[in-house]
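Student: I am new to this structure. Could you show me how to read its features, one at a time?

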Amino acid sequence: MKLTTKGRYGLAVVVLLNKNKGKTVSLLSISESLGLSKLYLEQILSVLKSHQIVVSTKGPTGGYSIKPEAQLTAFDVLSVLEPSLAPQEPLERTHKTLGLILDEQVYQPLTLAVETSLKSIKLNDLSAQLNEE
């Protein structure tokens, strides 16, 4: 599975915010920390905000944060940013039997394995490693 830059950077943003849990981090600070343009970050943060992964605060001390009680996983973040993690339709249109076989034997187990793996990665653990540096 290949992640898009939106997924990779989105996960990095959320880990950074999780490291600063309980604090509001400005867009400029996030931009400088990750070396990304503010415009691109706003696009990513907009998606994360609409899925209630991040919260925005307006005003001179505004920025973005994660709810202190949030117990997010990598799956929580990537599933809203990565279209490849969305459920796939079987190939019934082209060949019903082949589509069902591939869906049952390949696609569903692969999707389940990726989802299980990503759900096991806790953002608190990633942030803790970042704090150790």
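**Reading the model step by step**

Tutor: Searching the whole structure turns up one aromatic pair. Bear in mind that this is a predicted model.

Student: How is such a pair described?

Tutor: Two things describe a pair of aromatic rings: how far apart the centres are and the angle between the planes. Here the rings belong to Tyr9 and Tyr40, with centres 6.1 Å apart and planes at 90 degrees, so the pair is edge-to-face.

Student: Which parts of the chain does the pair link?

Tutor: Distant ones: Tyr9 sits in helix H1 and Tyr40 in helix H3, 31 residues apart.

Student: Is Tyr9 buried, exposed or partly exposed? And what about Tyr40?

Tutor: Residues under 20% relative accessible area are buried, and those over 50% are exposed. Tyr9 has 33%, so Tyr9 is partly exposed. Tyr40 has 22% and therefore counts as partly exposed too.

Student: Let us step back. What elements does the protein have?

Tutor: Six helices and two strands. Starting at the N terminus, the order is α-α-α-β-β-α-α-α.

Student: What share of the protein is buried?

Tutor: Of the 133 residues, 32% are buried. The accessible surface is about 8500 Å², and carbon and sulfur atoms hold 54% of that surface.

Student: How should I read the inside?

Tutor: In soluble globular proteins, nonpolar side chains tend to be buried together. In this model, the largest nonpolar core has 29 residues. Val14, Leu17, Ile30, Leu45, Leu48, Val54 and Val77 have the most contacts inside this core.

Student: Which helices supply at least two residues of this core?

Tutor: H1, H2 (27–34), H3 (38–50), H4 (74–81) and H5 (96–119) each do. H1 gives the most, with six residues.

Student: Then tell me about H1. How many residues has H1, and how far does H1 reach?

Tutor: H1 has 15 residues. From first C-alpha to last, H1 reaches 21 Å, close to the 21 Å expected at 1.5 Å a residue. The buried residues of H1 are Gly7, Gly10, Leu11, Val13, Val14, Val15, Leu16, Leu17 and Asn18.

Student: Can we follow one of them?

Tutor: Take Leu17, in H1 (residues 5–19). Its relative accessibility is 1%, so Leu17 counts as buried. Setting aside residues up to four places away in sequence, Leu17 touches Val25, Ile30, Leu45, Val54, Tyr64, Ser65 and Ile66.

Student: How far apart are Leu17 and Tyr64?

Tutor: In sequence, 47 residues; in space, 7.5 Å from C-alpha to C-alpha. Ile30 also contacts Tyr64. Beyond its neighbours within four places in sequence, Ile30 meets others too, including Val13, Leu16, Leu17 and Leu45.

Student: What does the whole protein show about contacts across the sequence?

Tutor: Count contacts between residues at least 6 apart in sequence: 70% of these join residues at least 24 apart.

Student: Which residues of H4 are buried?

Tutor: Ala74, Phe75, Val77, Leu78 and Leu81. Looking down the axis of H4, these buried residues fall within an arc of 165 degrees, so they line one face of the helix.

Conventions: Residues are numbered from 1 along each chain as its sequence is written. This is a predicted model: local features need pLDDT of at least 70, side-chain atom pairs count only at pLDDT 80 or more; totals for chains, interfaces and linings use all residues. Side-chain values use heavy atoms; hydrogens and water are left out. Helices (H or I, at least four residues) and strands (E, at least two) are DSSP runs, numbered from the N terminus. Buried means under 20% relative accessible area, exposed over 50%, partly exposed in between (1.4 Å probe, protein chains only). Contact means heavy atoms within 4.5 Å. A nonpolar core is a set of buried Ala, Val, Leu, Ile, Met, Phe, Trp, Tyr and Cys residues joined through side-chain atoms within 4.5 Å. The expected span of a helix is 1.5 Å times one less than its number of residues. Accessible areas come from the Shrake-Rupley method with a 1.4 Å probe; for residues, only the protein chains shown count as cover. The arc is that of the directions from the helix axis to the C-beta atoms. Rings of Phe, Tyr and Trp (its six-membered ring) pair if their centres lie within 6.5 Å; planes under 30 degrees apart count as stacked, over 60 as edge-to-face and the rest as tilted.
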